[in-house]
Amino acid sequence: VERARGGPLTETPDDSLDGLDERALVARIACGDQAALQQLYAAYRPRLWRFLYQQLGGDAGLVEEVLQDVFVGVWRHAGDFRGEARVATWLFRIARHRALNARRDAGRRRADRLAPVPDQSGEHAAVDPGLRRPSPEDEVAGRLALADALARLSAKHREALDLVFSHGFSLEEAARVLDVPVGTVKSRLSYARRALAGHLAPGADAEGSAP
Amino acid sequence: MSPETHDEQYRRVRDLLPEYAAGLLGGEARAAVARHLEGCDECRRELAAWRAIAGAVRAADPRATPAVPFTAAWEDLRDRLPAREPATASWKDRTALASHRTRLDERPAELDLEVSRLPDERRPPGGSGAKRLWSALVAAAAVLLVVVGFAQLFARGLGGDRPPAGATATATPVPLAWQEVRLPDGLSVGSAGVYPAPGDGNRGYICARESADNSGPVKVWATQDGGAPWSRAADVPATHAGGCRLAIDATDPQRVLAIITWYEQGTGSHSLPSTQSFFSADGGGTWHALASAPSVVRLASNGGVTYGLVDASPLPNHPLSLSLSTDGIQGWRAIDGPIRGASQSVANFWMNLGDGSLLAQTDEGALWETHDQGVHWAQLPDSGLRSYVVQRPASGEPWHICGADRSANILKCSSDGGRTWKDLPRLDAVVHCDSCAKGKPADIISTIEPVAVADDGAFLVQLATRYSDQGDVFSLYRLTAGGAQWQLMGEIPGAGGEPVTRLPWLGHTLWASSGGGLYTALYPW
């Protein structure tokens, strides 16, 4: 996407990759260009950090470690990027693999649950504390129930929802990240919707049957 | 073929509802779902369910952000990078290009649009496809940039009508005299955003936080003379630590918008970024907080009306819309409804101060023009290009537009407001890299990036011309109005990463940021 040419001449590290050709960056990384790696890292660190935070059960220290692994991997294997997928899909796929390895290595697998727990400092609450507060309003109660139901979903269903609704991947891209056929992503989403059905507001009937 | 029954359509639409609810569908797919929803109560209920789930998933997304500041994390990462021979774009990759292209050619008819973005193919009129896929494949075409070069050298025939490597003739060079611009003490190109004013090349601003973790005051510096010197403007009175971006009015460089963006830790209901906006009408002397804080990428004003490319939503991948404000940029109203689909952005726009007309370019490379503040739009004929630059328009004169199709290095200009397009002489620079193919030598045709159309009508472009130990070295070329040969304007100083260059409309100062340095040069007439 060609973006407006009115932006900064230089970008501070927390700026996004607006207007840059991510694929060209990967090509440069493959050529050993550290500045290109820095740009890609700056652009994706916040998103991947949140993805890994969810994947690794809220262990901020481990997230930082795995994130570094991901980009060392990008540095090593940028030449293998074939360009069939978006750079984002490729990065998330690497991140997910590294997270799986990290969980296995650290014996952190939590009974197929990915719901993050607050870390020691309490700074990184998994779910907005405001949503946990009791409220007289039905709507808030409904949201609370839905948030709890979400937290009870199995890891594989939850991550399909996260990839599509939090990270903006199409079903096909989510399938690439997860290494499963696109039909599997569809069925995981449908399952998740049925599991959450009881917690949806009236009128949002999740049990949809053919008309 | 018999028309689809309601049940068949229902099953198809149902599959698309999650992406529809996530805002990921565009173009015809989105319109088709919307049409079906009108007559399907069941689907509307399902959509409501998906929307509720989408909201809950986003709300539960951890707001956690890294505790380690970026600079420290990057330094750690850099220290961990294994030293290696650059290894890329192997012979296998070149073969992969061939098979990739074949696969694209075999795709079904609804993907014609994607296929058409490959070199040497024309885009069919009125085609459509899933926007996301389209974007992905357009980007794939961009990747072909490097690979097309390989294709030419190693698999002749793939590149179609490309001339042999090194065939481009150039006229007498007109080298630029670049000068390094010193930044205020304590700042580096990596830690500060430098913003040349788009309408006045002598002016520019810097926005920077005091410390690496983006805490401390948001400091602003301004220059009226190409960075020699910078003078401190007033601090932006932001109440949160976060990144800083500026948008400078293209028609009045004293008017500056500062946007502060941050992610809250541990509070709030979702993980979307928060923003605060401040406006200065006196070149950063005083800042006023704005009530609404949409992200604005570009600003230009005419009389009491300000136009901007506005991202009204913090959602990722949300399209930018061309909007106008008549109340001192407190409120914005989109005026680009007729020219972009639901998920398309307006990528850039230009304004003719003389007659108030606007030229807008969509993501997909279409150009549109309006003479009545966006009430009526007229689409210009398809140029097949994706990336445009426009000469500062004079009153009563048609737009002078030049552009490139980066995937095939096709260059064209129009001097009659985009009605007709003239092919320009080719410019193919072959870059020799000693170790880019698994440590072996390789030659790559660089991709051409349009830089500007100067006030004298010359078209400026940049492209990589050689490799150095630090990375790619880029050069500027220009084609004077009506010229037959490209003139080399010399190398852009600095190396490593594509330089960002600007030739603002007035002041004739070219700016470049490259390889960690900041440079200016006077444009020669």
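Gln373(B) sits in the loop of chain B that runs between strand E17 (367–370) and strand E18 (378–379). In this predicted model, the phi angle of Gln373(B) is near 60°, a positive value in a residue other than glycine. Most residues other than glycine have a negative phi. Gln373(B) has a relative accessibility of 37% and counts as partly exposed, because that value falls between the limits of 20% for buried and 50% for exposed.

Asp179(A) is partly exposed, and its relative accessible area is 44%.

Back in chain B, the backbone has a further feature to inspect, this time at a peptide bond. The bond from Ala228(B) to Pro229(B) is cis, and its omega is near -5°. Most peptide bonds, by contrast, are trans. Pro229(B) belongs to the loop between strand E5 (218–223) and strand E6 (231–232) of chain B.

The last stop is Asp249(B), in the loop between strand E7 (243–248) and strand E8 (256–262) of chain B. Asp249(B) has a relative accessibility of 1% and therefore counts as buried, the cut-off being under 20%. Its side chain makes a polar contact of 2.6 Å with the side chain of Ser301(B). Leaving aside residues up to four places away in sequence, Asp249(B) touches Ser301(B) together with Arg255(B), Leu299(B) and Ala300(B).

Notes
Residues are numbered from 1 along each chain as its sequence is written. Chains are lettered from A and ligands numbered from 1 in the order in which they are written. This is a predicted model: local features need pLDDT of at least 70, side-chain atom pairs count only at pLDDT 80 or more; totals for chains, interfaces and linings use all residues. Side-chain values use heavy atoms; hydrogens and water are left out. Helices (H or I, at least four residues) and strands (E, at least two) are DSSP runs, numbered from the N terminus. Buried means under 20% relative accessible area, exposed over 50%, partly exposed in between (1.4 Å probe, protein chains only). A polar contact is a pair of N or O atoms within 3.5 Å; within protein, one must be able to donate a hydrogen and the other to accept it, and residues adjacent in sequence count only if both atoms are side-chain atoms. Contact means heavy atoms within 4.5 Å.
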